[in-house]
Amino acid sequence: MKYFLMLVAFGTINLVYTQECTSTFFGRVIDFHNGTPITNAVVYIKTLNTYGTTDNTGKFSFKNLCDGTITIAVSHLACETKHLELDIKGNTFYEVNLEHHIEELSEVKIDGIGKSKSTQTAQETVLKTDAIERFSAFSLGDALKQISGVSTINTGNAIVKPVINGLHSSRIVIITNGVRLQDQEWGIEHAPNIDLNSAGSVNVIKGANALAYGGDAIGGVIILKPQAVRLKDSLYGKTIVSGQTNGRGYSLNSSLTKTYKTGWFVDAQASMKRFGDFMSPNYSLTNTGLNSKGFSINSGFKTFEQGFNVYYSFLNNEIAILRSSHIGNIEDLVNAINSKNPQVIEAFSYDINSPNQDVKHQIIKANFFKRFKKFGKLDLQYDFQNNHRFEYDIHRDDNNNKPAIDLTLKTHSLKTNLKIDSKNHQVVYEFGLNAVYQTNFPNPNTKVKRLIPDYDRFDFGAFATSNFKLNTQTIIDFGIRYDFNTIDAKKFYETSRWIERGYDIDFENFVMEDRGTQLLTNPVFDFHNVSASAGIAYKMTDNNSFIANYGLSNRAPNPSELFSDGLHHSAARIELGNLRMKQETSNRFSGTYQYQANLFSLNIEAFYNHINNYIFIEPTGVEHTIRGAFPVWSYNQTNAALYGIDLSANYNLSKQWLITNKSSFIKGRDLNKKQALIDMPSFKTVTVLDYTNEKWLHFKSNITSELVLRQNDFPNNNFDVFIPTSQEMVEVDISSTPPTYNLLHFQSEIALNLTTKTKLTVGFNVTNILNTSYRENLNRLRYFADDLGRNFMLQLKLNY
């Protein structure tokens, strides 16, 4: 036995000596973008528990290794660690590519909030997640009013459209999860079909300096970004439940995300809101409820070098419109303006009766991206949207279940972007192409004259932008974009209207068929638009910085501005478009000064926007129909100038007390008539006093003063009308604006750590604490009723 063991031991020793460990594993660690060497990168051979670092040329070497399989991890500061399994066979060389700029890629950090800007020289603000979550029960427009220079134009309290520096609707581009929203945004009473709860952050860019998103964004761009996907094995989610007294309503939102370190992920989100009739301080606002339901799902694969995702969302909004706002004729409007109370006040109800809107919006998106070493990133995307809008009027024959408007808008979009960032991010170029095909179908089964006609629309766009980092203090960028738009419509015109507007002379070739009292026409328009931008960001000192930019943008008239012709039932007015509309041309100049110190920060933004052929709608008279007399609102054009200042300031009184002020001043002038523009926001200043105490269950609270001054600069669009019942001429005052108002609000929250991975946040808010009666100038229903009264709201947020 002893000799046998000695023989085995000798054989084992001999075997070890016959496997010569003389192999060398060597290589380089370089930057994925530009191929430059990465110094002091750590190379760790897990299987041998051996470390090494790269030299100043990015090289590393391990000698005297045995052949076989090894597992290594390569890491560097501000890089994503790379794990590799390699076969060593003799002398083996391997080149490792690290993303050395993973924290810088397309991002500019702002105020330490962890959210990135989409531009570097534009006037841009980012809303972070917790600010969005506070408005979980409300609309996108309500949330954006937190930003200085952003207001809203409303139809009641449920139809809320964002206004950026005095501009709204088709002049604002909204991007949700990489898709440009196409939902008949031309109507003032058409709110964006967006579920705010699907966004992780919201970027607001003032002006047309973000050419990658469109050249027609004269007002600005709103970008809703989803939560970032974590590349690790994880399952997490959140649920937000809220209830409020005004409207006796509730909202529920829940999301769940599953991620894998291999790169696969799936994210699902669903929400619902239900409100009944809201209250002003003194009476019920009959028929103002809301019923909203939506969900989305996003799934795909993502690594640094490549990935894809498929996304689907559905949103259904049923929105009641104040019953008293429905006028049967011009006499009803006169009576409403002269009355302090609405004409119809009924008991509270959750019913959504006529007039109302029922809008369904669906989005399908497929996206793919690929990064190329020492070059850049390529994105490809296709998306489809289906927007189906019903608008219900009050019919004399009680047939209120039959829509007055039934529109289906379908949009196909294809785009590709190429970003070249291989110059160590000192120089970044971006190029893009996009094509859009859109069809609109107004259902003739409504038996109502179609306000917007059938049309096919095709858009093509191409852009190029460049960004140069001259030094640690200065960044400049330039961009140019070309867009081609064509619209091919088929529309019936009353022969008398066609002749009255002189179309028989200017557009004789549009007539396809003469049916006596009606003409079937085929208007076709082509528009060529060029946009450009230039900007500079300069950091003067550690505390002071300055941004200046210029934007040229052109916007083709939308279908409503061209083709509207008839009674818009939900608006209770006759709207007339104009086939002679030309494209708008905006020249916008802006400057921003920023000061940032430990206790005090200041942001001042100034702008001047000169718009040739500015399109607006204004009252022009009265027209008699078989239902009575209705006000006529016509689209017109003029040369306009909009200018103003937006201010944001923060001062830390102590570690627990913070005071903030946000103020906005804007003027809009009709340069041709030398008078004010219609529908300009009033001066507004919001002051917030914050108190925090981490020892009290992470307690946070604030009280807000919102002061809105009376708009004294407005055009006189009043007109006279004959009232049959009184047999007299009466002036209809639709121009005078509501008085100044000041509202007080309160917010508070505490946070409880239920487990190591579960946190409950409880919020309690009060809006309009003093139950102040007021009317907002940019609320279309201000003629008929006061705005909302006091509201108590309780919100529970569970992160898990």
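Modeller: Start with asparagine 49, which is found in the loop between strand E2 (42-45) and strand E3 (50-53). Helices (H or I, at least four residues) and strands (E, at least two) are DSSP runs, numbered from the N terminus. This is a predicted model, in which local features need pLDDT of at least 70 and side-chain atom pairs count only at pLDDT 80 or more, while totals for chains, interfaces and linings use all residues. Residues are numbered from 1 along each chain as its sequence is written, and side-chain values use heavy atoms, with hydrogens and water left out.

Biologist: What is the phi of asparagine 49?

Modeller: Asparagine 49 has a positive phi of about 55°, although it is not a glycine. Glutamine 184 likewise has a positive phi of about 55° without being a glycine; this residue is found in the loop between strand E12 (179-180) and E13.

Biologist: Is glutamine 184 buried or exposed?

Modeller: Buried means under 20% relative accessible area, exposed over 50%, and partly exposed in between (1.4 Å probe, protein chains only). Glutamine 184 has a relative accessible area of 2%, so it is buried. Asparagine 49 has 54%, so it is exposed.

Biologist: Which peptide bond is cis?

Modeller: The bond from serine 354 to proline 355 is cis, with omega near 0°. Proline 355 is found in the loop between helix H4 (330-338) and strand E22 (356-372).

Biologist: How many salt bridges are there?

Modeller: A salt bridge is a side-chain nitrogen of Lys or Arg within 4 Å of a carboxyl oxygen of Asp or Glu. By this rule the count comes to 26. In one of the pairs, glutamate 605 and lysine 206 meet at 2.6 Å, N to O. This pair links distant parts of the chain, with glutamate 605 in strand E35 (residues 600-625) and lysine 206 in strand E13 (residues 201-206), 399 residues apart. Glutamate 605 counts as buried because its relative accessibility is 5%, and lysine 206 is buried as well, with a relative accessible area of 1%.

Biologist: Which residue makes a salt bridge with arginine 515?

Modeller: Arginine 515 meets glutamate 513 at 3.1 Å, N to O. At 46% relative accessibility arginine 515 counts as partly exposed, and glutamate 513 is partly exposed at 35%. Elsewhere, salt bridges that share partners join Arg171, Arg555, Glu561 and Glu584 into one network.

Biologist: How is a pair of aromatic rings described?

Modeller: A pair is described by the distance of the centres and the angle of the planes. Rings of Phe, Tyr and Trp (its six-membered ring) pair if their centres lie within 6.5 Å; planes under 30 degrees apart count as stacked, over 60 as edge-to-face and the rest as tilted. The structure holds 37 aromatic pairs. Phenylalanine 510 and phenylalanine 525 have ring centres 5.6 Å apart and planes at 85°, so the pair is edge-to-face. Phenylalanine 510 lies in the loop between helix H6 (503-506) and strand E28 (511-514), and phenylalanine 525 in strand E30 (residues 524-539), so the pair ties together parts that are 15 residues apart in sequence. Both phenylalanine 510 and phenylalanine 525 are buried. Ring pairs link these two into a cluster whose members include Tyr493, Trp498 and Phe563.

Biologist: Where does the charged end of lysine 491 sit?

Modeller: A charge sits over a ring if NZ of Lys or CZ of Arg is within 6 Å of the ring centre and within 35 degrees of the ring normal. The charged end of lysine 491 sits over the ring of tyrosine 493, 5.1 Å from its centre. Lysine 377 lies over the face of phenylalanine 369, at 4.8 Å from the ring centre.

Biologist: Into which domains is the protein chain divided?

Modeller: The bounds come from an automatic or database domain assignment, which gives domain 1 (2-100), domain 2 (104-223) and domain 3 (284-681 + 710-734). The C-alpha centres of domain 1 and domain 3 lie 60 Å apart. Eight residues of domain 1 are in contact (heavy atoms within 4.5 Å) with 12 residues of domain 3.

Biologist: What area do domain 1 and domain 3 bury between them?

Modeller: Buried area is the accessible area (1.4 Å probe) that two parts lose on being put together, summed over both. Here it is about 930 Å², 56% of it on carbon and sulfur atoms. Phe32, His33 and Asn34 supply 66% of the area that domain 1 buries against domain 3, more than any other three residues. The count between domain 1 and domain 3 is one salt bridge.
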